[in-house]
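Please examine the sequence and the model shown here.

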Amino acid sequence: MRKPKPPLEHEVQRAVIALYRVAGCHVYSTSPGRRGGTWSTPGIPDLDVFCPKLGAELIRLNGDWTRWWFAGHWRHETKRPKLGRTSEAQKQFKRVAADCGVIVVVGGVVEAVAHLRALGLVATP
């Protein structure tokens with residue numbers, strides 16, 4: 001019997017968007033869509049996420065006491081489970097964003113749930 005194929009990136013992205021919206025977030029896509037091509041700078045994450053419940057409060061996340069993060073805004077770079085790779089431009093964007101207090105979540109639904117849990121928007125089992 002064949003192993004099921006991992007979902008395509010756009011399928012993962014739809015699931016991540018749905019999860020964030022259920023948590024009360026507003027999600028804006030920077031992906032090029034079905035027509036293909038790119039119209040954004042290389043390295044820009046796929047999703048811009050805003051959570052009014054959290055506002056502009058500054059937080060310390062995941063025990064990182066050296067940085068403050070803006071709780072109500074983050075970026076999400078969607079990746080396929082086990083197959084998605086982060087480009088050098090994406091790694092650079094994530095470093096620069098972190099230096100400016102902007103979190104970039106990389107991955108799929110599992111990573112989105114972990115981030116929402118860290119923010120207190122999803123209950124820990």
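Q: At roughly what angle do the axes of helix α1 and helix α3 cross?
A: This is a predicted model, in which local features need pLDDT of at least 70, side-chain atom pairs count only at pLDDT 80 or more, and totals for chains, interfaces and linings use all residues. Residues are numbered from 1 along each chain as its sequence is written, and side-chain values use heavy atoms, with hydrogens and water left out. Helices are DSSP runs (H or I, at least four residues) numbered from the N terminus, and axes are lines fitted to C-alpha atoms over the stretch in contact, with angles from 0 to 180 degrees between N-to-C directions. The axes of α1 (residues 9-22) and α3 (residues 109-118) come within 9 Å and cross at roughly 20°.

Q: How many disulfides does the structure hold?
A: A disulfide is a pair of cysteine sulfur atoms within 2.5 Å. The sulfur of Cys-25 has its closest cysteine sulfur in Cys-51, at 3.6 Å, which is too far for a bond. The number of disulfides in the structure is zero.

Q: Is Glu-9 buried, partly exposed or exposed?
A: Buried means under 20% relative accessible area, exposed over 50%, and partly exposed in between (1.4 Å probe, protein chains only). Glu-9 lies in helix α1. Because its relative accessibility is 30%, Glu-9 counts as partly exposed.

Technical notes:
Helices (H or I, at least four residues) and strands (E, at least two) are DSSP runs, numbered from the N terminus.
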